[in-house]
Amino acid sequence: MKKQELLNYFDDDLLDKLFGFCYARTNDSYEAEELCSDILYALVKAAQTDGEVQNVYSFVWKVARNVYADFSDKRRKKTDMTWTGDAEELFLTLADEEATDDTKELLTNVYRRIAFLTKAYREVMISFYIDGLSTAQIAARQGIGEGTVRQRLFSARQKIKSEVEEMAETNNKPVALDDINFVMWGTGNPLWGDPATVCERMFTNHVIWLCRKKPMSATEIAEELNVPTVYVEEELEILRKGENGEYGLLRRLENGKYAINFVLLDKDTFEKANALYTEHLPKICDTISNYIEEHKEEYLAFPYLNKKVDMNLILWQQVQHISDAFSYTVKRILEEKFFADVKKPNRPYSSFAYVDNGKYYGGGCDGIGAFGVCGFDEVHLSNIYQSGVRAHFRCGHDVSRDMQLQLTIRAIEGLEINSLSEQEKEHAAKAIEQGYLYREGNAVYTKILVNKMDEESKLFDISNGLRNGYFETEAEVVAEKLAELIKNALPEYLLGEWAYANTLANLPVLETVVECLIEKGVLIPPENDIGAEGCWMSVRK
């Protein structure tokens, strides 16, 4: 028969006989296990070579005696057995391209068994069986004792033996995970590394959720989810490192277990936190409406560069700051009275989330910048978005490739239509439709609000006046109850991120305030959800 058929004879009876052969010729069971492993490895390698075998068992015992001779004389041919590349790649290539499907399946089953081992044991197994390293070499490489290596080999072999009977059923059984989704938010510069970008699969969500409930090891997670430990380990490392290797959604504790590394509120906590805010919103909205009316002339007096402006566009530009005034007051009280001694995280970007409860408060604000464009040294554009107001652009948008935005920049002081090429006219028409421009006579003008960059620091001064004593009574009540909720919901090491929990609690406020102001006739929403409303620009010559 062909040597490739040897793998079909690797049954429990043969393994027991091989171990008996080894045990009789070694000092203890550890050495017997080591020798037996070497013989099996040599047989697997032989099964991948060409040639015929006249008698299977004669061949097996010939290999066994040869390996034993090398073992006894400590003369293993390490150059033939050592591989300096990727261990898993080597294992997958042990089967020749012309090998039968049965051979590949047998080798795949061995690999799958190894996949169930925890990393510490799996690394020893792969180093020993696949890389061909001795226990001494593995010990030196991993910085552990040789006795520890042998113990891990023994335990790993026992684990493989106990799992092999269930392997076929386990591998064919689909992993069915219940739906659990997170609504992720972030603040800061996402280009530094938003860890939420790796949170794309249901498997990922379940790993995170288990680590939120309590710190867990890879083995515990694998058993809970009924998936190979190796897949859990890889997922844990991805989640620990995040996008940039510095900030991930999980952290590894000193005991080797993994715990949540960002604010994640469950449905119940999230809704309770929301309710603390929303119960005060009717009164808050009345205060905001009165404030806007009292300061209308001040809003209109701001030195915008547009040919004409109206109050509606100004309020859409300001509405996020207006609605955040209540949350800002709550945050100040939280910081002063409840979290004064808690150290805040210091990083360019932070993620936070809540478990999807069917409600999405889709609001936010993105900004983009450009230098040396359309006659200006510097340009910065911003837009808000929420229910009823779509975003024109997101962070990272390239102004140099956006003809509509370039026309918007050029048209601040007016742009004669006759001076435009046919292609530019087409883009100008689209810019008018998107609310960037408007036409007056034979020229187009910038419709979104424009201000000098030197005036940018004063842009929200009027709206920020709402932070000064307008909501103190309500904010005191919310802060006290919210502080208790946060301390119960977050592990102690995440208390420094209490402000993100406050942000999540405040999520319904913007949409509610906007709806209230629209109902009162203070705000007029854009047609088709997109227009000049909520989009503005700062420029520097």
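This is a predicted model: local features need pLDDT of at least 70, side-chain atom pairs count only at pLDDT 80 or more; totals for chains, interfaces and linings use all residues.
Residues are numbered from 1 along each chain as its sequence is written, and side-chain values use heavy atoms, with hydrogens and water left out.

The strands concerned form an open sheet of three, in the order β1-β5-β4, with mixed pairing. Helices (H or I, at least four residues) and strands (E, at least two) are DSSP runs, numbered from the N terminus, and two strands pair if DSSP finds at least two bridges between them. Because β1 (182-188) and β4 (263-265) each have a single partner strand and stand at the edges, one side of each is left without a neighbour in the sheet. On average, neighbouring strands of this sheet are turned by 20 degrees against each other, direction ignored.

β1 and strand β5 (residues 349-355) run antiparallel and are joined by seven bridges. Within β5, Ser 350 is the residue opposite Thr 187. Contact here means heavy atoms within 4.5 Å. Axes are lines fitted to C-alpha atoms, for helices over the stretch in contact, and angles run from 0 to 180 degrees between N-to-C directions.

Another open sheet of three strands has the order β8-β10-β9, with antiparallel pairing. Its edges are β8 (415-416) and β9 (437-440); each has a single partner strand, so one side of each is left without a neighbour in the sheet. Two bridges pair β8 with strand β10 (residues 443-446) in the antiparallel sense, and Val 444 in β10 is the bridge partner of Leu 415. Helix α18 (residues 422-433) lies across β9 and β10, at about 110 degrees to β9.

Strand β12 (residues 535-540) is mostly covered, with five of its six residues buried. Buried means under 20% relative accessible area, exposed over 50%, and partly exposed in between (1.4 Å probe, protein chains only). Strand β7 (residues 376-385) runs antiparallel to β12 and is joined to β12 by six bridges; there, Ser 538 in β12 stands opposite His 380. Strand β11 (residues 449-452) runs parallel to β12, with four bridges between them, and Leu 449 has Trp 536 in β12 as its bridge partner.
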